[in-house]
Structure formats: C-alpha cells, structure tokens
Amino acid sequence: MDKEFFVSEMDKNSGMMFRVAYTILRNPDDCRDAIQEAALKAWAKRKGLREESRFIPWLMRILVNECYSLRRKAPLHVPLEQIPEPAQPPPDPTLAMALHALPEKLRLPLMLQYAEGMEYKEIAAVLHLPQSTVRGRIHRAKMLLRKELEA
C-alpha cells in the first residue's frame, strides 16, 4: 500500500470515521483524537493488510478499538457545564433520543448499516462478529426503535 492510496482513502472516509467514532464516544474532541490515533496505527501496520479492497473494514476496526480504548481512559462523569450544545438540532429529536437510548451494541451496527451504507459482511468484519449476530442486532435495534417511536 503506497502513501497516495492511504491518504486518498483517509480523505474519502474521514466523514464516516467521524460518525462511527461519535456513535461510540459522543464527544467531537475525543472523536478527532481517536481518528488521529487510528490513522497512525493503520499507517504503522499497513503491511499487515493483504488486500487493499479490505482497507475500509480494516481501518474501521482499528478506529473502533481506539474509541473503546479512549473511552476506558476517559473520566466517568462530565460536569453539565462542559457538555457542548449541538451545532444544529437533529432533524427529528424523538428519533435522536430513541437512537441514543439504544444499547451501544445495537446502535453501532445500525448506524454502520444505515448512516454509512455498510453491508452485513463489512459490519461483521469491523465489529469482529459473525454476520448472523450483526443481522440479529440490527433487527433487535429496529424493533426497539419501532417500539420506542410508537409509544
């Protein structure tokens, strides 16, 4: 993998990386830190990737691991004064609240599928889960969302 390919793919997928990181971390500064660390680790381990066609799932796996690592190191409580106001309100606040209420193990595969357009196979590679588990978690997430939005 050459430098041009790496930089090009990082540029093309920076938005997706931020959204995936935000799904886990919920803090823009932490997201940027996780993306930077994931990029550094990916560059250092680029020779371990055998097929360039698998670059995105490989990179997302590194990013997800980095997000979990950052979250483990983060303080458990954030003072209310430090919580920033969103730049713009979500299009449907009820949906945003329902999504936020989902457990992370259901929310992340759902966001990867619908917000990022990933297929079950790619999501399974990113999350290191069988495709059947991914399919089940997405189904459960949709059922919980449906129940929450109907109430």
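**View 1. Residues of helix H4 meet residues of helix H7.** Pro57, Met60, Arg61 and Val64 of H4 meet Glu122, Ala125, Val126 and Leu127 of H7; contact means heavy atoms within 4.5 Å. By class, this contact of H4 with H7 has six nonpolar, no polar and two charged residues. Ala, Val, Leu, Ile, Met, Phe, Trp, Tyr, Cys and Pro count as nonpolar, Asp, Glu, Lys and Arg as charged, and the others, Gly among them, as polar. The model is predicted: local features need pLDDT of at least 70 and side-chain atom pairs count only at pLDDT 80 or more, while totals for chains, interfaces and linings use all residues. Residues are numbered from 1 along each chain as its sequence is written, and side-chain values use heavy atoms, with hydrogens and water left out.

**View 2. The axes of H4 and H7 cross at roughly 40°.** These axes come within 7 Å; axes are lines fitted to C-alpha atoms, for helices over the stretch in contact, and angles run from 0 to 180 degrees between N-to-C directions. The angle makes H4 oblique to H7. Angles under 35 degrees count as roughly parallel, over 145 as roughly antiparallel, 65 to 115 as roughly perpendicular and the rest as oblique. The crossing of H4 and H7 is right-handed, a term used if the near helix is turned clockwise from the far one by less than a right angle.

**View 3. Helix H6 (residues 104–114) crosses helix H7 (residues 120–127) at roughly 135°.** The axes of H6 and H7 come within 10 Å, and H6 is oblique to H7. This crossing is also right-handed. H6 contributes Leu108, Pro109, Leu112 and Gln113 to the contact, and H7 contributes Tyr120, Ile123, Val126 and Leu127. Seven of these residues are nonpolar, one is polar and none is charged.

**View 4. The largest nonpolar core has 40 residues.** Such a core is a set of buried Ala, Val, Leu, Ile, Met, Phe, Trp, Tyr and Cys residues joined through side-chain atoms within 4.5 Å; buried means under 20% relative accessible area (1.4 Å probe, protein chains only). Val20, Phe55, Met60, Leu63, Leu112 and Met118 have the most contacts inside the core. H4 gives the largest share, nine residues.

**View 5. Met118 and its contacts.** Neighbours within four places in sequence aside, Met118 is in contact with Met16, Ile56, Met60, Leu112, Gln113, Ile123 and Val126.

**View 6. The protein has eight helices and zero strands.** Helices (H or I, at least four residues) and strands (E, at least two) are DSSP runs, numbered from the N terminus. Of the 151 residues, 36% count as buried.

Definitions and conventions
Buried means under 20% relative accessible area, exposed over 50%, partly exposed in between (1.4 Å probe, protein chains only).
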